[in-house]
Amino acid sequence: MTILVTGGAGFIGGNFVLDWLAEPQAESVVNLDKLTYAGNLETLASLSGDSRHVFVHGDMADAELVTRLLAEHQPRAVLNFAAESHVDRSISGPEAFVQTNVMGTFKLLEAVRAYWGGLASGAQQAFRFLHVSTDEVYGSLGPGEAAFTESHRYQPNSPYSASKAASDHLVRAYHHTYGLPVLTTNCSNNYGPFHFPEKLIPLMIVNALAGKLLPVYGDGMQIRDWLYVKDHCSAIRRVLQAGRLGEVYNVGGWNEKANIEIVHTVCDLLDEMQPRAGGLSYRGQITHVTDRPGHDRRYAIDARKLHGELGWKPAETFDTGIRQTVSWYLDHPGWVARVQSGAYREWVQAQYGQAA
Ligand code: NAD
Ligand code: TYD
């Protein structure tokens with residue numbers, strides 16, 4: 001048996017593939033990734049020589065390629081992690097988000113629909129298309145408002161969240177109209193190993209260590225609900241295993257924190273684990289900068305459906321997860337240096353003779 005994963009060289013997809021294949025009896029993974037700036041094969045280096053991992057450099061919007069991969073590998077599930085995922089980039093260049101998140105998901109759905117339609121009835125019933133999405137589709141909460149449930153109305157505010165919302169709607173429509181057996185997960189902010197240092201937590205860690213400023217947008221009182229990436233991966237595995245067809249599951253760990261609190265925590269852990277020469281705190285590098293346009297004030301996930309129906313709960317608290325994350329970055333200076341210098345992309349250039 002095989003599963004096909006898109007975006008498995010990215011942060012969450014990469015962690016998912018590593019966790020999946022850590023199980024000796026795991027089904028093989030066909031990993032289709034376009035290797036944009038966010039895709040990093042070094043994340044998957046420990047799988048080199050593992051015949052259960054088949055990496056394919058390509059675009060999920062390439063219908064011919066996806067159709068061929070589906071026919072060749074006959075996966076029993078397709079998990080869609082691939083996306084443009086950074087809100088700030090979606091503000092400066094929204095088109096890539098529409099292309100990848102909307103058109104890419106659409107093209108993938110079309111290829112999967114044709115493949116699924118041609119399966120024998122047993123395989124057709126067992127097949128799953130799992131779409132990985134975000135809490136940002138629900139928009140922004142006020143201070144006293146209840147956390148997002150699955151029935152919260154969609155009100156995306158950034159080009160990123162709007163493009164993810166559109167992809168969620170397409171996935172829903174493919175179930176409603178064609179009966180495609182889909183599952184959707186909407187998760188809160190992730191953090192953990194192999195996170196590209198453009199997002200808040202890894203950026204603060206690598207900037208702090210490099211002696212650079214730690215840019216906090218606006219007053220730093222925006223709230224995100226943080227989940228350790230491996231807990232997100234276990235939730236996806238559980239939904240794939242037992243989720244009800246056509247259903248949406250919100251994923252989160254009840255960990256609402258203001259950004260400034262996150263930055264303080266990162267600084268305090270670094271002060272403990274790798275103190276600055278001279279004894280000053282990393283907190284001294286914090287600087288408040290101009291706020292992000294349209295910045296959502298608060299996200300919070302109500303994960304009771306996933307817990308109640310499928311028995312999932314996170315293994316890490318924020319305290320244990322953030323400590324492991326800071327340690328991971330301290331233990332992997334080579335990974336960080338190659339990401340920052342762009343050297344991680346040279347492999348693709350050498351392998352494929354083109355820029356990624
Ligand atoms: P990421 O940006 O780290 O990785 C995205 C991956 O997709 C990269 O490897 C990239 O090369 C690949 N990719 C991009 N376009 C592609 C295409 N057309 N075809 C094939 N591959 C392509 O993103 P991430 O943080 O790992 O997020 C993964 C998914 O989880 C996304 O759908 C995102 O919306 C969702 N999500 C992320 C978070 C978070 O906090 N990071 C939270 C909830 C949901
Ligand atoms: P980010 O990691 O980009 O995730 P998202 O925007 O998808 O939630 O940002 C998390 C929060 O941190 C968000 O409120 C924006 C803020 N932020 C900063 O204050 N400074 C930064 O340099 C970055 C990247 C983010």
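Which backbone lies 2.9 Å from an oxygen atom of ligand 2? The close-up views below are taken from a predicted model, and the first of them answers this question.

**View 1. Surroundings of ligand 2.** A backbone N or O atom of Tyr217 is placed 2.9 Å from an oxygen atom of ligand 2. Side chains also approach the ligand: an N or O atom in the side chain of Asn189 is 2.9 Å from an oxygen atom of ligand 2. For the side chain of Arg224, the distance from an N or O atom to an oxygen atom of ligand 2 is 2.7 Å. There are 17 residues around ligand 2, and those that come nearest are Glu136, Pro215, Arg224, Arg292 and His295.

View 2. Glu136, one of the residues that come nearest to ligand 2, is located in the loop between β5 (128-134) and α6 (159-178). Its relative accessible area is 10%; because this value falls under the 20% limit, Glu136 is classed as buried. Beyond its neighbours within four places in sequence, Glu136 is in contact with Val87, Pro156, Tyr160, Ser161, Asn189 and Tyr299. With Tyr299 there is a polar contact between the two side chains, at 3.2 Å. Asn189, another of these contacts of Glu136, has a side-chain N or O atom 2.9 Å from an oxygen atom of ligand 2. Gly58 is 78 residues from Glu136 in sequence, and the C-alpha atoms of Gly58 and Glu136 are 27 Å apart in space.

**View 3. The open sheet β7-β9-β11.** Three strands, in the order β7-β9-β11, make up an open sheet with mixed pairing. Strand β9 (residues 223-228) runs antiparallel to β11, and three bridges join β9 to β11. Within this pairing, Asp225 has Glu256 of β11 as its bridge partner.

**View 4. Buried and exposed sides of helix α2.** Helix α2 spans residues 63-73, and its buried residues include Leu65, Val66, Leu69 and Leu70. These residues lie on the same side of α2, because the arc they cover around the axis is only 130°. Glu64 and Glu72, on the other side of α2, are exposed. Among the elements that cover the buried residues of α2 are the strands β1 (2-6), β2 (28-33), β3 (53-57) and β4 (77-80), together with helix α4 (95-117). Gln74 follows α2 and has a positive phi, near 45°.

View 5. Leu35 is a residue other than glycine with a positive phi, near 55°. The residue lies in the loop between β2 and β3. Leu35 has a relative accessible area of 0% and is buried. Phe194, also a residue other than glycine, has a positive phi near 65°. The loop that holds Phe194 lies between β7 and α7 (200-209). Phe194 has a relative accessible area of 16%, and because this is under 20%, Phe194 counts as buried.

Definitions and conventions
Residues numbered from 1 in each chain as written. Chains lettered and ligands numbered in written order. Predicted model: local features only at pLDDT ≥ 70, side-chain atom pairs only at ≥ 80, totals over all residues. Heavy atoms only, no water. Pairing = 2+ DSSP bridges. Helix = DSSP H or I, 4+ residues; strand = E, 2+ residues; numbered from the N terminus. Buried < 20%, exposed > 50% of the residue type's maximum accessible area, 1.4 Å probe, protein only. Arc of directions from axis to C-beta. Contact = heavy atoms within 4.5 Å. Near = heavy atom within 4 Å. Polar contact = N/O pair within 3.5 Å; in protein donor to acceptor, adjacent residues only side chain to side chain.
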